[in-house]
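Today I am looking up the pockets.

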Amino acid sequence: MHDFQYKNDELYCEDIPVSAIADSVGTPFYLYSHNTLLNHFKVFDSAFSSVEHLVCFSVKANSNIAVLKTFINQGGGVDIVSGGELFRALMAGANPEKIVYSGVGKRVDEIEFALQTDILMFNIESTQELKVIDSVAGKLGNRARISFRINPDIDPKTHPYISTGLKKNKFGINIKKSLEEYRHARGFKHIDIVGVDCHIGSQITGVEPFVDALKRIKELVVELQKEGININYLDLGGGLGITYDQETPPHPNIYAQAIIKEVSDLNCVLILEPGRVIVGNAGILVTKALYTKKSEEKNFVIVDAGMNDLSRPALYGSFQGIQPVKLIKRKEFVADLVGPICESGDFLAKDRKMPQFERGDLVAVMSTGAYGFTMSSNYNSRPRIPEVMAAGDEFYIIREREEYDDLIRGENIPEFLKRDCSNS
Ligand code: LLP
């Protein structure tokens, strides 16, 4: 359930008409409901209340510091994959004891930053990375708590770009080699083994892949414990899917019950790294129809948001719901909702039945709270759009619209080019 509903033929976010926000901030913009964010976090967190656990929100899904703060205020931790995400998390007030650091390509400066912050643990993805973390920790006179990210070779039955737990994927350490890897890690001076980690993919709409992966991981944990390798944390990553269209993902309670059933005898603190399930349906992209046109074959509605603002449809062919902000009585037609970018891949919806939008109409692109703004870019030199958070009958600009000056920040014309005016 989310807080984007129609009242008197107008789309509201909580108690504010979306059109009133558009009048004030202009279009396009991302709009998040604080109440939905909060509820989703609470529902997820309380689903695991019968076991010792920590919900580490996956910052990559939505990294706005006001969004992070919403979860941190509830006692949540964070899952990060870069120095930049660590910086954001700290700016939002995250507790270092609740920060886990995943990712296949951690740089030395990022490792140093995380060690100096004294984060809870590094999820290690290769033997070389283990060596580097050990040596950086040694240089800093520090110790690193680690877990290995295990690749359990499970098919999560999701889009190939977002499945990560198959042996052909770049992620983690092959489960068959994992015991060896843990034995090896015991010999490192500045490493403390504290956990086992796994993340099999994203937008997963059944519990089976999670349970299958967990069964494999569990065998490993039992073996490690037999060898006297202490495993305090079992990190199961994120991946629970949401409804974009017709998908029927399990409710977090069902997902949690299936997991709890498997782990209750392991004596580990459970870590979860949800992203999409918390924020996906807590956000929309509000855009305005600029033009409509009809080719021989198709109807187009050209809006002021493009693939640089929301890349999921172009990148994954993802479905995002399209809804009018005002329920004006318009006939329906089948059309492509497209942006202003100079690429044919620049669409937000394709061959979709939608109201016959006209120039000036506001359009809501639904379920864009996850991997929306965070994957946006300045392509075609378009300033990035604002993020707004609604709470009750108030709204707050939690990230300003970029200006033209922001586009060239840090760019320089070398002196020799300034001198070379022969063509002018
Ligand atoms: N933990 C790790 C280690 C991850 O790599 C991810 C997502 C998560 C947690 C959170 O997964 P979630 O609960 O959100 O499924 N850009 C793609 C999704 C990429 C997911 C990458 N990893 C999309 O827009 O669908």
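What volume does the largest pocket have? I noted about 950 Å³ for the largest pocket. A reminder to myself: this is a predicted model.

**Entry 1, the largest pocket**

I looked up the lining next and found 42 residues around the largest pocket. Nearest its centre lie Ser-58, Lys-60, Val-81, Glu-85 and Tyr-371. Two or more lining residues come from each of α4 (83-91), α10 (276-279), α11 (312-316) and β21 (394-399). With four residues, α4 gives the largest share. I then sorted the lining of the largest pocket by class and wrote down 15 nonpolar, 13 polar and 14 charged residues.

Why does the largest pocket lie between domain 1 and domain 2? Both domain 1 (4-31 + 280-407) and domain 2 (34-277) give residues to its lining, so the pocket lies between them.

For the second largest pocket I have a volume of about 580 Å³. I found 27 residues lining it, and Met-1, His-40, Ile-242, Thr-243 and Asn-281 are the closest to its centre.

Which element gives the largest share of this lining? It is α2, with four residues. At least two lining residues each come from α2 (34-47), α10 and β14 (283-294). By class I wrote down twelve nonpolar, twelve polar and three charged residues for the second largest pocket.

I checked the domains here too: the second largest pocket lies between domain 1 and domain 2, because both give residues to its lining.

Methods
Residues numbered from 1 in each chain as written. Predicted model: local features only at pLDDT ≥ 70, side-chain atom pairs only at ≥ 80, totals over all residues. Heavy atoms only, no water. 1 Å grid on protein atoms, 1.4 Å probe; cavity = no way out; pocket = protein on both sides within 12 Å on 5 of 7 lines; lining within 4 Å. Points joined across faces, edges and corners; volume = space filled by probe spheres on them. Nonpolar A, V, L, I, M, F, W, Y, C, P; charged D, E, K, R; others polar. Domains from an automatic or database assignment.
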